[in-house]
Amino acid sequence: MALSLYVDTARWRAHQKSVLDQFPDLVPVCKGNGYGFGHERLADEAIRFGSDTLAVGTTYEAARIKDWFSGDLLVLTPFRRGEEPVPLPDRVIRSVSSVDGVHALVGARVVIECMSSMKRHGVREEELGQLHAAIEDVRLEGFALHLPLDRTDGSDAVEEVIGWMDRLRAARLPLHTMFVSHLRAEELARLRQQFPQTRFRARIGTRLWLGDHEATEYRGAVLDVTPVVKGDRFGYRQQKAASDGWLVVVAGGTSHGVGLEAPKALHGVMPRAKGVARAGLATVNRNLSPFVWAGKQRWFAEPPHMQVSILFVPSDAQEPKVGDELVAHLRHTTTQFDRLVDR
């Protein structure tokens, strides 16, 4: 009895191929929890479709994945002087976002991140002149730009990349490879046409692994079903049942990521109103679970436990049975499954 991730493998791989066809020479990204699939599985997939490079989030992830992927590993978190050293093979490429970082990585393979409109990290335009001396002591694999997902000011992503290409060229820095994130296929094609001597490599994770929502499905197995009548007390806090129905114990709790949700950016009046409504219900211990039964998302009977959740299913719905599986709407990047089932 488990929280399972079911994967329609043929459909999932067909989607991967469609992304690979749109973005030739892409660098697949495998970071965090492996986008819900795990590092080992995504490393296997990258090997299967012939990638020469796999991008990971941290040096610690690189240390784990190096035994599963024999190609180059690009660490996306920028190097910082004084960070804890992690033993890594020579095929690991470090991202660097400062001139000082380049100076500190003598002999290393590096990708230099430029400061984009994300304003997260990167070398600034006024620092480009200092890079000439710094890159003499490293093996420069290229430059990189991590771009925003939304452009509410109407700016153009391609123009932002072109602006940086012009700055790098004016600073007489090598432009043999540029790593980019969050560009559309047609935008990448425009850049390749304008700069035929530069190799553009799109770093893609979410679109590659999670772009087809119908290819995957989480399900939690029903472990126990207990009938209750209105007024019955239950659970750790001995709350009263609001009506007749069943308490349904289902696999999937906080250790799996159930009940844990990353903040979302809300756009528009309706999503904001729904967010306010959910917050109001939570103050009176009414929290909607991610589990679906009989066509409806069901309420938590109480906050999820470490490995299971207890749901309340009212008596006007069909009674769940032990062994049934409930579809769960969970965010891949915050969920840990018990088992993965290819079908």
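Biologist: Over how many bridges do strand β6 (residues 109-113) and strand β7 (residues 139-146) pair?

Modeller: This is a predicted model, where local features need pLDDT of at least 70, side-chain atom pairs count only at pLDDT 80 or more, and totals for chains, interfaces and linings use all residues. Residues are numbered from 1 along each chain as its sequence is written, and side-chain values use heavy atoms, leaving out hydrogens and water. Helices (H or I, at least four residues) and strands (E, at least two) are DSSP runs numbered from the N terminus, and two strands pair if DSSP finds at least two bridges between them. Glu113 stands opposite Ala144 in β7, and β6 and β7 pair in the parallel sense over 5 bridges.

Biologist: Which strands stand at the edges of the sheet?

Modeller: The open sheet has 8 strands with parallel pairing, in the order β2-β9-β8-β7-β6-β5-β4-β3. A strand with a single partner has one side left without a neighbour in the sheet, so the edges are β2 (27-28) and β3 (53-56).

Biologist: Which residues of helix α2 (residues 39-48) are buried?

Modeller: Their cover includes α1 (9-22), β2, β3, α3 (59-65), α8 (206-210) and β18 (339-342). Trp209 touches Leu42, Glu45 and Ala46, among others (contact means heavy atoms within 4.5 Å). The buried residues of α2 are His39, Arg41, Leu42, Ala43, Glu45 and Ala46.

Biologist: Is His182 buried or partly exposed?

Modeller: Most residues other than glycine have a negative phi. His182 has a positive phi of about 65° although it is not a glycine, and it is found in the loop between β8 (177-181) and α7 (185-194). Its relative accessible area is 34%, so His182 is partly exposed.

Biologist: Where is Ala294 found?

Modeller: Ala294 also has a positive phi, of about 55°, and is not a glycine. Its place is the loop between β14 (288-293) and β15 (296-300).

Methods. Buried < 20%, exposed > 50% of the residue type's maximum accessible area, 1.4 Å probe, protein only. Lists of a residue's contacts leave out its neighbours within four places in sequence.
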